[in-house]
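Work through the exercises below with the sequence and the 3D structure at hand. Try each task before reading its solution.

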Amino acid sequence: GGAAAALLGTLLDEPVRRISCYAASMRALLEASCEACPPGEEASAAADECGELVSHLEALLDEQRARDRVSHLARELPPASLRAALPEGLALPHRRFLREGELRQSEASAEGAAWQRRRAHLFNDILLLVDGGEATREALGGEGGVASVECIGLAKVQVKVLADLDEPASEPRSEGGGFPFELSRVDGKRSWRLSAGSAEERAAWVESIKRQIRFLLAAFKQRGKSIAFLPQQVEKLRAELGALHTARRRAEAEVLLLTSEVCALDSQLQADRRDLSRASFRTRRLSVVAAPGGANGPSAAQVSTLRRRVRRGSDERAQLQCVADGRVEERAST
């Protein structure tokens, strides 16, 4: 199954890869053209477009190979250990394979620091350290393997070279010596000391890890979520949220107070209107049926006073209602 898939992939890839040969051949022909017969603009443009197409296809092929390698490792690594290190799984849509190789990891023991072999797999967001170096899956325990798989998230670490601790080994991959570098969490809670077999190999690992750290931090900063300052941002957001809750409670209290005042004004306004209605009625009645020297009704001054009170009460109620509506809108917006 796997061999057939690999063969099919090769058969599909090879015709595409030959396009780069066509582009190179076309460019060589254009360069070899004699001065008396210079190549036309269309031929030069075709060569440029062919080169761009080749670059794009190569990028797509690299992307597919990176995806395939992630899927392959997800099948090859011990499932139990992999689930313990990555509960969400290794083969995720965003994850891409970058490089792999053998490193050594410093482990503290009663006799001091000891360097243990690790198989390192670098992805665009994590670094996996698998116990056992070049050991096969069967050697690591097969389907029920219990080999150690450690996951280091690149977005939360920084890397530095430990050149002062270089100890070139007398033999490649011997137990002693190495070219160490260190990964450490930005919060200082954990660090990993690793060692490569040569200075060039260490430089390649460090540069690859640094490149991905820079990319991840730039992506988070672009979204306004810098991992390095996430705790401070959380505290700031909590403080802002607390202030909003306090302002909301204050606005609710003001709305309740204004509503009580509006209700009181409504009651007074209704009473004044009743008094005005009765006074106006009595005034009209007495003006028609009262005999000279009879009982006096409400005076014109009293009726005018009641009318002014009603108008003033209506205006005050409208103003309070406007203020209350404004507070309700402020509360809704927050």
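**Exercise 1.** Find the salt-bridge partner of Glu-252 in this predicted model, and state how far apart the closest N and O atoms are.

Solution.
- Step 1. Glu-252 pairs with Arg-248, and their closest N and O atoms are 3.5 Å apart. The cut-off for a salt bridge is within 4 Å.
- Step 2. Both residues belong to helix H5, which covers residues 230-289. Because they are four residues apart in this helix, about one helical turn separates them.
- Step 3. Glu-252 has a relative accessibility of 26%, so it counts as partly exposed. Arg-248, at 38%, is also classed as partly exposed.

**Exercise 2.** Which parts of the chain are tied together by the salt bridge between Arg-96 and Glu-63?

Solution.
- Step 1. The side chains of Arg-96 and Glu-63 meet at 2.5 Å, N to O.
- Step 2. Arg-96 is in the loop between helix H3 (79-85) and strand S1 (97-109), while Glu-63 is in helix H2 (residues 41-76). The pair therefore ties together parts that are 33 residues apart in sequence.
- Step 3. Buried means under 20% relative accessible area. Arg-96 has 14%, so it is buried, whereas Glu-63 has 32% and is partly exposed.
- Step 4. A network of salt bridges links Glu-63, Arg-67 and Arg-96.

**Exercise 3.** Describe the salt bridge of Arg-190 with Glu-150, and decide whether each residue is buried or partly exposed.

Solution.
- Step 1. The closest N and O atoms of Arg-190 and Glu-150 are 2.9 Å apart.
- Step 2. The two residues come from distant parts of the chain, 40 residues apart. Arg-190 sits in the loop between strand S6 (179-185) and strand S7 (191-196), and Glu-150 sits in strand S4 (residues 149-153).
- Step 3. Arg-190, with a relative accessible area of 38%, is partly exposed. Glu-150 is buried, with a relative accessible area of 19%.

**Exercise 4.** How many salt bridges does the count come to?

Solution.
- Step 1. Side chains of opposite charge can pair when their charged atoms come close.
- Step 2. With the cut-off of within 4 Å, the count comes to 16 salt bridges.

**Exercise 5.** Which residues gather in a patch of positive charge on the surface?

Solution.
- Step 1. The patch holds Arg-307, Arg-308, Arg-311 and Arg-312.
- Step 2. Arg-307 lies in helix H6 (residues 300-333).
- Step 3. Its relative accessibility is 42%, so Arg-307 counts as partly exposed. Residues of a patch need over 30% relative accessible area and no salt bridge.

Methods:
Residues are numbered from 1 along each chain as its sequence is written. This is a predicted model: local features need pLDDT of at least 70, side-chain atom pairs count only at pLDDT 80 or more; totals for chains, interfaces and linings use all residues. Side-chain values use heavy atoms; hydrogens and water are left out. Patches are made of residues with over 30% relative accessible area and no salt bridge: like charges are joined within 9 Å, nonpolar side chains (Val, Leu, Ile, Met, Phe, Trp, Tyr) within 5 Å. Accessible areas come from the Shrake-Rupley method with a 1.4 Å probe; for residues, only the protein chains shown count as cover. Lys and Arg count as positive and Asp and Glu as negative; His and the chain ends are not counted. The place of a charge is taken as NZ of Lys, CZ of Arg, CG of Asp or CD of Glu. Buried means under 20% relative accessible area, exposed over 50%, partly exposed in between (1.4 Å probe, protein chains only).
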